[in-house]
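Here is my note on the structure, written as numbered points so that you can follow each one with the sequence and the 3D view side by side. Please take the points in order.

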Amino acid sequence: MSVFPSPRSAAGSPIIDFDPAACCLEIEGLSLAYGETPALRELSLRVPRQRVTAFIGPSGCGKSTLRRALNRLHDLNDEVRLAGRIRLEGQDIHAPEVEVAELRRRVGMVFQAPNPFPMSIYDNVAFGLRLQGGIRKRQLDDIVEWALQSAALWDEVKDRLRSSAWALSGGQQQRLVIARTLAVRPEVLLLDEPASALDPISTLKIEELIRNLKSQLTLVLVTHNMQQAARVSDYTAFLQEGELVEYGPTDRLFTNPRLVRTENYITGRMA
Ligand SMILES: Nc1ncnc2c1ncn2[C@@H]1O[C@H](COP(=O)(O)OP(=O)(O)OP(=O)(O)O)[C@@H](O)[C@H]1O
């Protein structure tokens, strides 16, 4: 296809050969272009279940485009052309029987800037559950508490659940947004630079939370911050110009990269 002139690296697109049974997401030959401009080029990788996988790479390499593709946020952009396949637990996310709203419940997303809704702490967390309907008040209370506990926020807010979410600090707001996302029981949590707007202490709390959450679900972390990727992720995918350059266990990729392009990036020889 002419808009995807895929200049693959000499080493080819390296795939870690995870057993498909251990994978939550499988991306196969994914290419995506905005009009005539390619953003992802024949990208293939498997994201293992209940692990943290980081996508790193220079600005414009396609990290956010890939993250958006994972829960079909490009659907309404007529300019976008997509080829290849993404499977969630073995099912093609573009299959006609897949409902986009259900896909987005299963693949939750947390953005760079905390975006609590203009309502109480409780109502923020209950929001998605109320939309689903059919939940009794007592059950809702339990899930709100569980989600706030899971997001390591319960102790700080349990006495003011009816206060405005906007009265929380930035770090608390981001944990509230994570609680709101967890409340609908996603299988995957996509985090796009989740701590970049936060102070160092709030950042450490978010990082600890990410590490703890992998006992419950699969996490994908999109970040510019290589130290953060090194601290919290189990696997790291390095992207450049829309191509997957190298993918491997985080410890190995940062200490012993296989390709010069990766080494140049992680040692700061390339912006
Ligand atoms: N909505 C869009 N329309 C057209 N081009 C886009 C759009 N979004 C991204 N692009 C282009 O696609 C390429 C990849 O962008 P993307 O935002 O995915 O990169 P990124 O690695 O997330 O960058 P950053 O780290 O700066 O956020 C870039 O060339 C960008 O200009």
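**Notes on the ligand shell, the sheet and a helix pair**

1. The residues of the shell around the ligand divide into three nonpolar, eight polar and one charged. Please keep in mind, here and below, that this is a predicted model.

2. To find that shell in the structure, look for Y34, T37, A39, G57, S59, G60, C61, G62, K63, S64, T65 and H224, which surround the ligand. Two elements, β2 (37-48) and α1 (63-70), each give two or more residues to the shell, and the largest share, three residues, comes from α1.

3. The next point concerns the sheet, which is open and is formed by six strands in the order β6-β7-β8-β3-β9-β10, with mixed pairing. The strands at its edges are β6 (107-110) and β10 (243-249), each of which pairs on one side only, and from one strand to the next the twist averages 20°.

4. For helix α3 (residues 121-132) and helix α6 (residues 170-182), the angle is about 35° and the axes are 7 Å apart, while the crossing of α3 and α6 is right-handed.

5. The contact between these two helices involves I121, N124, V125, F127 and G128 on the side of α3, and L176, A179 and R180 on the side of α6. Sorted by class, the contact of α3 with α6 has five nonpolar, two polar and one charged residues.

6. Which residues of α3 are buried? They are I121, N124, V125, A126 and G128, and what covers the buried residues of α3 includes α4 (137-150), α5 (154-157) and α6.

7. Finally, please look at the backbone just after α3, where G133 takes a positive phi of about 80°.

Notes
Residues numbered from 1 in each chain as written. Predicted model: local features only at pLDDT ≥ 70, side-chain atom pairs only at ≥ 80, totals over all residues. Near = placed C-beta within 6 Å. Helix = DSSP H or I, 4+ residues; strand = E, 2+ residues; numbered from the N terminus. Nonpolar A, V, L, I, M, F, W, Y, C, P; charged D, E, K, R; others polar. Pairing = 2+ DSSP bridges. Axes fitted to C-alpha atoms, helices over the stretch in contact; angles between N-to-C directions. Left-handed = near helix turned anticlockwise from the far one by under 90°. Contact = placed C-beta atoms within 7 Å. Buried ≥ 20, exposed ≤ 12 C-beta atoms within 10 Å, placed from the backbone.
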